[in-house]
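Let's take a walk through a protein together. Have the sequence and the 3D view ready as you read.

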Amino acid sequence: MAPSGSRSIKKGCQRVLYWIPVLFIALIVAWSYYAYVLQLCIESIDDTGEKVVYLLVYHVIFIMFVWAYWQTIFTKPMNPLKEFHLSYSDKELLEREDRGESQQEILRRIAKDLPIYTRTNSGAIRFCDRCQLLKPDRCHHCSVCDKCILKMDHHCPWVNNCVGFSNYKYFMLFLAYSLLYCLFITATDLRFFIKFWTAGGRAHFRLREYLNGLPDTQAKFHILFLFFSASMFSVSLASLFTYHCWLVCKNRSTLEAVRSPVFRHGTDKNGFSLGVSKNFRQVFGDEVKYWPIPVFSSLGDGCSFPTCLVNLDPEQPVSPTGSNPANKSAAEVRQFPSKPLRDSQSRLLTSTPSWTESDSAADKDKKGASNPGMTIENEA
């Protein structure tokens with residue numbers, strides 16, 4: 001009982017410690033609200049019209065920022081469906097096998113009816129020993145959550161949650177609105193910051209000169225520290241937001257940017273990229289009205305993803321001009337077996353105005369025939 005009790009105490013302490021970064025952010029945001037609303041807008045700005053405009057815009061940004069942050073923190077990461085878990089009989093069969101190759105044969109047999117096309121670096125089926133399941137494409141095991149997370153991007157300590165398929169859109173909006181929040185504060189607080197330094201450069205830094213243009217020492221401290229904090233956070237948030245925008249455009253996760261996914265035909269860093277427009281809509285959805293709102297609108301089920309396969313046969317790479325025999329259709333160079341199309345895949349790949357170009361179906365067939373080295377592959 002003692003070891004079990006000590007483990008539970010340790011896990012409890014860890015859970016408390018994991019919330020410290022979130023508590024730090026919450027305190028910073030609460031202080032910034034007090035400093036901006038009370039000390040800057042209400043106490044320091046005399047013009048009523050300017051004060052109303054500042055407060056109105058500030059509260060709109062503030063509400064969207066807090067909403068997106070809340071959704072990122074408290075949206076549970078999605079785990080693989082039951083069909084990816086081993087049955088009791090399969091677990092027993094796997095445990096009886098000592099050799100790795102025999103175990104791989106069992107896993108390959110189970111995986112043949114599942115939309116799994118990524119592999120380990122050695123070409124083996126991706127299997128999680130702790131969760132006892134075959135990992136769907138883009139799924140990874142989080143050591144902090146101790147779970148397999150669908151389309152895992154990373155575990156973020158600032159939200160105490162895994163960023164993955166279920167909350168990646170919320171995370172992107174959180175970065176966008178937090179950056180907008182900091183930039184707005186920096187821009188509207190700038191003239192008070194300049195006023196302070198203009199006054200502070202005169203007459204031996206006396207207190208009366210420090211307070212020129214500002215109501216009192218308390219307001220001075222909050223307004224100046226607010227400017228420094230907002231400007232510093234703006235720089236870090238801008239770099240992080242830019243990086244994740246690049247990932248969205250490339251349809252990669254942070255883990256895939258560090259280590260490219262491995263398919264049957266080999267490593268392909270652009271394996272899941274469908275073009276900037278489709279990549280963006282895969283995260284934010286088809287309906288534009290939902291893009292800026294922290295509600296779930298991502299496409300797919302998180303377990304299967306369409307891929308753009310390049311150089312399917314490593315021994316016969318596509319020529320630089322992409323000219324292969326014209327009579328060889330895209331279907332003939334498919335490496336993956338044909339399987340029924342899932343609902344999520346249908347929504348991503350069917351001919352809808354928001355997902356397809358103006359080309360007709362015949363034009364697409366011609367393009368696939370003239371360049372079979374690059375095709376949109378159905379994984380479901």
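We'll look at charged pairs, then a surface patch, and finally some backbone angles. Keep in mind that this is a predicted model.

Start with the charges. Side chains of opposite charge can pair when their charged atoms come close. Searching the whole structure turns up 7 salt bridges. One of them joins Glu256 and Arg138, with their closest N and O atoms 2.9 Å apart. Glu256 sits in helix α9 and Arg138 in the loop between β3 and β4, so this pair ties together parts that are 118 residues apart in sequence. Both partners are buried.

Now find Arg109, which pairs with Asp90 at 3.3 Å between the closest N and O atoms. Asp90 counts as buried because its relative accessible area is 15%, under the 20% cut-off. Arg109, at 40%, is partly exposed. Glu101 and Arg108 also form a salt bridge, 2.8 Å from N to O, and together with Glu105 they make up a network.

Next, the surface. Val53, Leu56, Val57 and Val60 form a nonpolar patch there, with about 340 Å² of accessible area together. Leu56 belongs to helix α3 and is exposed, at 57% relative accessibility.

Last, the backbone. Most residues other than glycine have a negative phi. Which way does Gln132 go, positive or negative? Its phi is positive, about 55°, and you'll find Gln132 in the loop between β2 and β3. Lys151 has a positive phi too, near 45°. Lys151 lies in the loop between β5 and β6 and is buried, at 10% relative accessible area.

Terms used
Residues numbered from 1 in each chain as written. Predicted model: local features only at pLDDT ≥ 70, side-chain atom pairs only at ≥ 80, totals over all residues. Heavy atoms only, no water. Helix = DSSP H or I, 4+ residues; strand = E, 2+ residues; numbered from the N terminus. Buried < 20%, exposed > 50% of the residue type's maximum accessible area, 1.4 Å probe, protein only. Patch = residues over 30% accessible without salt bridge, like charges linked within 9 Å, V, L, I, M, F, W, Y side chains within 5 Å. Areas by Shrake-Rupley, 256 points an atom, 1.4 Å probe, with all protein chains shown as cover. Salt bridge = Lys/Arg side-chain N within 4 Å of Asp/Glu carboxyl O.
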